[in-house]
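Let's take a walk through the inside of a protein model. Keep the sequence beside you and follow the residues as they come up.

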Amino acid sequence: MEFSKGHGTQNDFVVLPDPDAWLELTESRVAALCDRQRGLGADGVLRVARASALIETGVLSELPADVSPQDWFMDYRNADGSIAEMCGNGVRVFAHYLVATGLESREEFVVGSRAGARPVVVHHADPVHGEVTVAMGKVRVLGESTAALSGRDFTGLGIDVGNPHLACVDPSLTHDSLYALDLEQAPGFDHTLFPHGVNVEILTPLAVGSDGRKFVDMRVYERGVGETRSCGTGTVAAAASALARDGFDLAHDSGHIEVRIPGGEVTVGIENGAAWLRGPSVLVATGRIAAKWWQDA
């Protein structure tokens with residue numbers, strides 16, 4: 001069984017080409033594949049399939065909003081095997097993979113996800129390096145809440161960008177104090193507001209760099225994974241929370257900032273309530289998974 005390994009700002013994925021959606025992606029197989037000791041190691045799995053095939057094989061019961069049967073669909077699974085609605089870094093790697101392998105010849109096309117259609121622009125795609133912008137859809141504010149971490153409560157803004165986030169801007173945090181926080185344990189959160197769990201972002205307040213660009217530093221604890229080097233949807237939530245705290249009207253204003261994460265940096269724009277995300281993708285390797293290992297996993 002063929003696979004590729006790639007990452008978007010070091011948020012890494014195993015990519016499984018499966019156009020006809022024949023693979024049985026059980027939770028145990030995905031978890032084994034993502035395990036960094038007994039498998040290939042990754043933050044998640046991206047199955048590459050046609051949307052119509054996922055309907056025909058019963059993986060999807062219906063097509064999400066604005067997804068067409070002929071669209072390539074990113075069937076995304078977290079490292080623990082659970083299904084996730086959306087992954088911003090994953091979409092960039094997914095789109096890069098499609099173009100780099102010749103499965104897609106267009107520079108602009110739609111990637112299907114459980115959160116709906118995600119139009120992409122592939123600015124560059126060679127066999128290793130890519131640069132992709134993803135239209136991330138509407139930014140929906142869920143309300144204020146708190147995350148408990150390292151014996152402290154961090155106040156944040158609940159944000160939905162196809163999956164749930166709690167993005168906490170702490171005005172006292174610097175780059176160094178942010179990276180001193182212990183994210184080994186899952187942050188506590190309000191299960192009433194987030195009944196299906198939540199991705200938690202902790203970030204510094206909006207600042208202006210020496211180059212004149214606005215930026216924030218961010219770390220993230222992803223549900224079903226743990227702390228990761230980057231989270232695409234998390235960077236969108238972080239940008240929305242930081243901008244809103246600075247007086248930006250998420251529903252009507254337009255602007256963009258850089259979000260700096262342990263794995264690099266991305267650019268997030270918000271225009272009249274909708275977000276876009278631009279950043280790099282790297283395809284590291286290709287290979288084959290042993291059939292017996294897969295059957296036993």
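## Val45, tucked away

Val45 is buried, with a relative accessible area of 0%; buried means under 20% relative accessible area, with exposed over 50% and partly exposed in between, for a 1.4 Å probe and protein chains only. You'll find Val45 in strand β3, residues 44–50. (Strands are DSSP runs of E with at least two residues, helices are runs of H or I with at least four, and both are numbered from the N terminus.)

Skipping its neighbours within four places in sequence, Val45 is in contact with Val14, Leu16, Val30, Leu33, Cys34, Asp75, Tyr76 and Arg77, where contact means heavy atoms within 4.5 Å. Val15 sits 30 residues away from Val45 along the chain, yet their C-alpha atoms are separated by 6.0 Å.

## About the model

This is a predicted model: local features need pLDDT of at least 70 and side-chain atom pairs count only at pLDDT 80 or more, while totals for chains, interfaces and linings use all residues. Residues are numbered from 1 along each chain as its sequence is written, and side-chain values use heavy atoms, leaving out hydrogens and water.

## The nonpolar cores

A nonpolar core is a set of buried Ala, Val, Leu, Ile, Met, Phe, Trp, Tyr and Cys residues joined through side-chain atoms within 4.5 Å. The largest one here has 52 residues, and those touching the most other members are Leu46, Met74, Phe94, Val120, Leu203, Val236 and Val259. Helix α5 (residues 232–245) is the top contributor to this core, giving seven residues. Domain 1 (2–131 + 282–296) and domain 2 (140–272) both give residues to the core, so it lies between them; the domain bounds come from an automatic or database domain assignment.

Apart from this core lies another, of 14 residues, including Ala147, Leu166, Leu178 and Leu183.

Now for Arg223, in the loop between β13 (214–222) and β14 (226–228). Is Arg223 buried or exposed? Arg223 is buried, with a relative accessible area of 16%. Its side chain reaches the backbone oxygen of His196 at 3.0 Å.

Methods
Polar contact = N/O pair within 3.5 Å; in protein donor to acceptor, adjacent residues only side chain to side chain.
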